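Subject: Structure handover

Hello,

Here is the structure you were waiting for. My notes come after it.

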Amino acid sequence: MKKLSVLAVALLLAACSSGSSEPEKTGKAESAKSEKGDYVTVEITKQGDKVTKVSIDETYSEKGDKTKKELKEDYGMKAATQGDSTKIGKEWYEQIESLEKYIADKGIDAVELDEQGYAKNDDVKSGCTINIKNIMDTVKAADANAK
């Protein structure tokens with residue numbers, strides 16, 4: 001029994017270490033600027049084909065070129081996302097954190113968009129109800145740049 005336990009631990013350690021043998025790759029991308037001067041930036045980290053981390057932000061020119069993550073509650077989206085049952089009551093940075101986690105957990109291709117650029121997946125929509133077309137295009141560009 002003791003030999004079996006030692007063998008199981010050795011196999012478990014080998015399995016854990018084999019996934020981390022591939023080097024980490026990072027990629028960055030920036031969207032084109034909107035008419036207002038706003039733009040999305042994305043940094044992605046991958047190990048093999050798996051996204052391990054993604055950071056998404058958007059520069060908001062109307063607030064002195066601060067990013068929406070820097071603005072946090074001062075961006076003012078939470079009030080617009082409260083109310084009826086389709087609204088989630090989350091600020092922009094909270095919605096993006098939810099999207100970042102989803103991408104890291106499920107992968108880029110798991111995010112499905114409708115014709116208007118909103119998530120089709122119920123599990124994405126439960127945490128992120130904003131239009132993410134430009135964001136996802138920039139995520140895919142950062143993924144392609146990961147080296």
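This is a predicted model: local features need pLDDT of at least 70, side-chain atom pairs count only at pLDDT 80 or more; totals for chains, interfaces and linings use all residues.

Residues are numbered from 1 along each chain as its sequence is written, and side-chain values use heavy atoms, with hydrogens and water left out.

Strands

Helices (H or I, at least four residues) and strands (E, at least two) are DSSP runs, numbered from the N terminus. Two strands pair if DSSP finds at least two bridges between them. S2 and S3 run antiparallel and are joined by 9 bridges. Across this pairing, Val40 stands opposite Glu58 in S3. The S2-S3 hairpin has 2 residues between the strands, and Gly48 there takes a positive phi near 65°. S3 also pairs with strand S4 (residues 66-67), again in the antiparallel sense, over 2 bridges. Here Tyr60 stands opposite Lys66 in S4. The hairpin of S3 and S4 has 5 residues between the strands, with Gly64 at a positive phi near 75°.

Aromatic residues

The structure holds 1 aromatic pair (ring centres of Phe, Tyr or Trp, the last by its six-membered ring, within 6.5 Å; planes under 30 degrees apart are stacked, over 60 edge-to-face, the rest tilted). Tyr60 and Tyr75 form this pair edge-to-face, at 4.9 Å centre to centre and 80° between the planes. The two are 15 residues apart, Tyr60 in strand S3 and Tyr75 in the loop between helix H2 (68-71) and H3. Tyr60 counts as buried because its relative accessibility is 14% (buried is under 20% relative accessible area, exposed over 50%, partly exposed in between, with a 1.4 Å probe and protein chains only). Tyr75 is buried too, at 19%.

Two loop residues

Ser31 is in the loop between strand S1 (24-30) and strand S2 (39-47). At 10% relative accessibility, Ser31 counts as buried. The side chain of Ser31 reaches the backbone nitrogen of Val40 at 2.8 Å (a polar contact is a pair of N or O atoms within 3.5 Å; within protein, one must be able to donate a hydrogen and the other to accept it, and residues adjacent in sequence count only if both atoms are side-chain atoms).

Asp114 lies in the loop between helix H3 (92-106) and helix H4 (122-125). Asp114 is partly exposed, at 24% relative accessibility. A polar atom of the Asp114 side chain is 3.0 Å from the backbone nitrogen of Gly117.

Regards
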